[in-house]
Protein chains: 2
Amino acid sequence: MAAAPVWSVDPRTGKQRERVAAEATAEDVDAAVRAARGARGALADRAVRAAFLRTAADRLEAARDRLVATADAESALGPARLTGELARTCHQLRSFADLADEGAFLDVIIDHPDDTATPPVPDLRRYKVPLGVVAVYAASNFPFAFSVAGGDTASALGAGCPVVVKAHPDHPALSEQVAEVLRGAAAEHGVPAGVLGLVHGFRAGLDLIRHPLVAAAGFTGSVRGGRALFDAAAARPAPIPFHGELGSLNPVLVTEAAAEERAEAVGAGLAGSMTLGTGQFCVKPGLVLVPAGAPGDRLVKALADGVGATAPGVLLDHRMRDAFVAGVAERAALPGVEAPLAPGAADEHTVRAGFLTVPAAELTGGGAHDLLLEECFGPVTVVARYSGAHEATAVLSRLPGNLTATVHLSADEAAGRGRGAEILAELTPLAGRVLVDAWPTGVAVAPAQHHGGPYPATTSTSTSVGGTAVERWLRPVAYQNTPEALLPPELRDDNPLGLPRRYDGRLER
Amino acid sequence: MAAAPVWSVDPRTGKQRERVAAEATAEDVDAAVRAARGARGALADRAVRAAFLRTAADRLEAARDRLVATADAESALGPARLTGELARTCHQLRSFADLADEGAFLDVIIDHPDDTATPPVPDLRRYKVPLGVVAVYAASNFPFAFSVAGGDTASALGAGCPVVVKAHPDHPALSEQVAEVLRGAAAEHGVPAGVLGLVHGFRAGLDLIRHPLVAAAGFTGSVRGGRALFDAAAARPAPIPFHGELGSLNPVLVTEAAAEERAEAVGAGLAGSMTLGTGQFCVKPGLVLVPAGAPGDRLVKALADGVGATAPGVLLDHRMRDAFVAGVAERAALPGVEAPLAPGAADEHTVRAGFLTVPAAELTGGGAHDLLLEECFGPVTVVARYSGAHEATAVLSRLPGNLTATVHLSADEAAGRGRGAEILAELTPLAGRVLVDAWPTGVAVAPAQHHGGPYPATTSTSTSVGGTAVERWLRPVAYQNTPEALLPPELRDDNPLGLPRRYDGRLER
């Protein structure tokens, strides 16, 4: 039986653009994993990793026009957004190069012998080593930043782990082009091309997670797809870490005082955030608690004005479009739900942004309305009108885990007069990132970033954005009583590499 | 139906000592978890946690004679060993108090806004917060150090997480006594007694891992029991981290040069390590690669002398005794396996230590001999005689993950002349701790310790011993654009708590 073809499709027309590749067979997946494993040695030197990552960024920038054109043709996200996303992707690659140079993530700890301890302490020296081949499952909605050269790949390579990417079917042509660029960068530093494998196809994704030589996985996508892969990772004879980012409602609470003070600004800001990228962000605000009454009405009016001024947009593929149209219709049909600006199909290929409103009391009792507490991917948000802080709290207490939770406060509340601290304490258990007077869309690439949260936001306690993402691909190993002559330089007393470390209990930087 | 009684049993006689408690019903488990959850707030202050842990250590020491007597009556491990183990346990509690005071594990990272970045960086401040209620599954073989007041409990409390312990059925009376001591310590610092729950019974263990308010689990025990709980944790509607230490063969390689140089010392050292605690250590050396030929013969002779001089001992319970007797018999019956000193039953309650020998070539082909590559709990080790380094490598390459891997080198090899570095590189992928010219038994409580390893040694990349064990019970949260007035003190620019942190990219200590 011939392998199924992989087509690049234009979501603006639904037409096939070109035949890119064939779906990977079990043999193809095995070959990609073995080639990646063979490239481990070349990544052992942190300086080589750093140089490779920087060259990759340089070459992606050099190929920008061609890559952005392909990305736009496959995603309809537009050249401006995609040019920015490519810049972000290159910044991310260089950030992990900097971290590889610094070496703090090795977490070096050195203890000298202490015979007075119970039990006695021998000479013990610990650092972190790469886990092995990492499987990366690319996302639909960020063809650069969460795909072949995205954060999972950059952090894994920075940690010293070769990568096999399972391409997202929404941008197979771009995936092939980016993989070629990365392999060219690898070759420049003597790293085998196998360091970056690329496979296509649903079945290949399952074969990959089950491959005995795959040591860990990163995933960004849906709850359904992510959970299936998480379950497969856990069911292996030897289970492996599965760092999946699955889904998030990203609740927003607008206090009564904030609504009174700046209803229009908050409403307009919400309109901008929920329609950004045609609502196709993991951190799109999907549930907004707005007070009942006149100030809240003004907020909803400003939201309607902002969303109403947004042109119809094209979603990433027709499957998502169908799911969006069906999802908003199902939600709009629930008792008590109104659609002041109905989201849905605009024409055969585009969708219209919109929002739904519902009394918050409908969300505290369970039943059919729980659908409103599930993510609906695309340009829609649910505005829940609450009466009194207790009702807002009651809704928040029913939410599953989220990537973000946001509160908009009045100036007085932000200054510490009022319930601000109490609200932050309420939001912290719900999410991995808590925002005040800001919008969750636009995830900065920075050391303090945390892009993760309680399940189903993520399947682990880790982040896929920001410097600490590298920690996912490492494991500690301790060397006991090892002669100086055999120690890796990272663990020698004289610290020839100048690494930050914990030395006989004291932190040294 | 009345709840099943829980009996304390004397393994020296097999007789019931006293009725300690009843097995916990689903309602009991739910009540314990809810009580633990209610104690979270009292642990929010790191100074309170530290004081509580230190008082717990003081009170355990004050109750030493009573506790050691109970532990000995239930475990037959002997007062000397148990007195040492209690000292280790108290040291461990105080170590986590010190870490709670220091606060480095909060991993504070602060970034100030940077509008020139792509995308722009807002004010972002990240630290780690406690995960919530932790379930701890106590081990059989360390009634103090891996039980109610053991490393999992100490690290979880240090992280700010209340604990519900599933008691090990081999020491229910001691478990109740230790829990009472910990609750007394808690009360002294205004921490509710629910901070340390204790439940008995197999079914209660499953109810506990499935409880929606349990946020993570620590386990030390068998591959079979640990995997069942791991699977249950992964199958939850919202999966939770399961940090299990399941099983380990702990391979030892003796080089030809080391055997030539000091066969007798290595043989005697091995005898001491494999019979320590009647062979009931997770890190007992279970497979030893010894060169064929005269020096190796001398090593085996010294091993036989050492083991032969060991008095018969009592295993922790009769189930383990039966499994040991059956396990060694099944292994000894394999073709090519010899038993120069046959391990097995000595009388109705005690067992005799011993060892088996086998040509290493039998271990490279798979089949029935793979049984020799599985842990056999109790005082037995398998000596595999190899011809040439390639044969030793071939056996090592077939091993699953281990807690430890050890090599004994000659003085020349240890000085860097010979294959020492190459052998360390071969052992590193196999284990979480690599030892040179030492024995794996005796796991130091120290910052650089790593007690974990590739599956099945552990189900995660974490450690259950040493300072970094605390990382298992925390998750990061980032605060974006949060006014100074609402920030926790840990995240303020002026660093009022003097915490080590990463500040605008730079490490500060």
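This report describes a sheet and an interface formed by chains A and B in a predicted model.

An open sheet of mixed pairing is built from 12 strands, in the order β22(A)-β21(A)-β3(A)-β4(A)-β20(A)-β19(B)-β18(B)-β10(B)-β11(B)-β17(B)-β16(B)-β13(B). At its edges stand β22 (506-508) of chain A and β13 (338-341) of chain B; each has a single partner strand, so one side of each is left without a neighbour in the sheet. From one strand to the next, the twist averages 25 degrees.

Within chain B, strands β10 (residues 251-254) and β11 (residues 287-291) pair in the parallel sense over 3 bridges. Here Pro251(B) stands opposite Leu287(B). Helix α9 (residues 256-275) of chain B lies across β10, β11, β16, β17 and β18 of chain B, and runs at about 150 degrees to β10(B).

## The interface between the chains

The size of an interface is often given as the accessible area lost when the parts come together. Between chain B and chain A, the buried area is about 5,900 Å², and carbon and sulfur atoms give 61% of this area. Gln480(B), Leu486(B) and Arg509(B) supply 12% of the area that chain B buries against chain A, more than any other three residues. In terms of contacts, 78 residues of chain B meet 78 residues of chain A.

## Polar links and strand pairing

There are 2 salt bridges between the chains. Glu102(A) forms a salt bridge with Arg502(B), with the closest N and O atoms 2.8 Å apart. The side of chain B that touches chain A comprises 47 nonpolar, 15 polar and 16 charged residues.

Strand β19 (residues 431-436) of chain A runs parallel to β20(B), joined by 3 bridges. Val434(A) has Tyr479(B) as its bridge partner in β20(B).

How values were computed
Residues are numbered from 1 along each chain as its sequence is written. Chains are lettered from A and ligands numbered from 1 in the order in which they are written. This is a predicted model: local features need pLDDT of at least 70, side-chain atom pairs count only at pLDDT 80 or more; totals for chains, interfaces and linings use all residues. Side-chain values use heavy atoms; hydrogens and water are left out. Two strands pair if DSSP finds at least two bridges between them. Helices (H or I, at least four residues) and strands (E, at least two) are DSSP runs, numbered from the N terminus. Axes are lines fitted to C-alpha atoms, for helices over the stretch in contact, and angles run from 0 to 180 degrees between N-to-C directions. Contact means heavy atoms within 4.5 Å. Buried area is the accessible area (1.4 Å probe) that two parts lose on being put together, summed over both. A salt bridge is a side-chain nitrogen of Lys or Arg within 4 Å of a carboxyl oxygen of Asp or Glu. Ala, Val, Leu, Ile, Met, Phe, Trp, Tyr, Cys and Pro count as nonpolar, Asp, Glu, Lys and Arg as charged, and the others, Gly among them, as polar.
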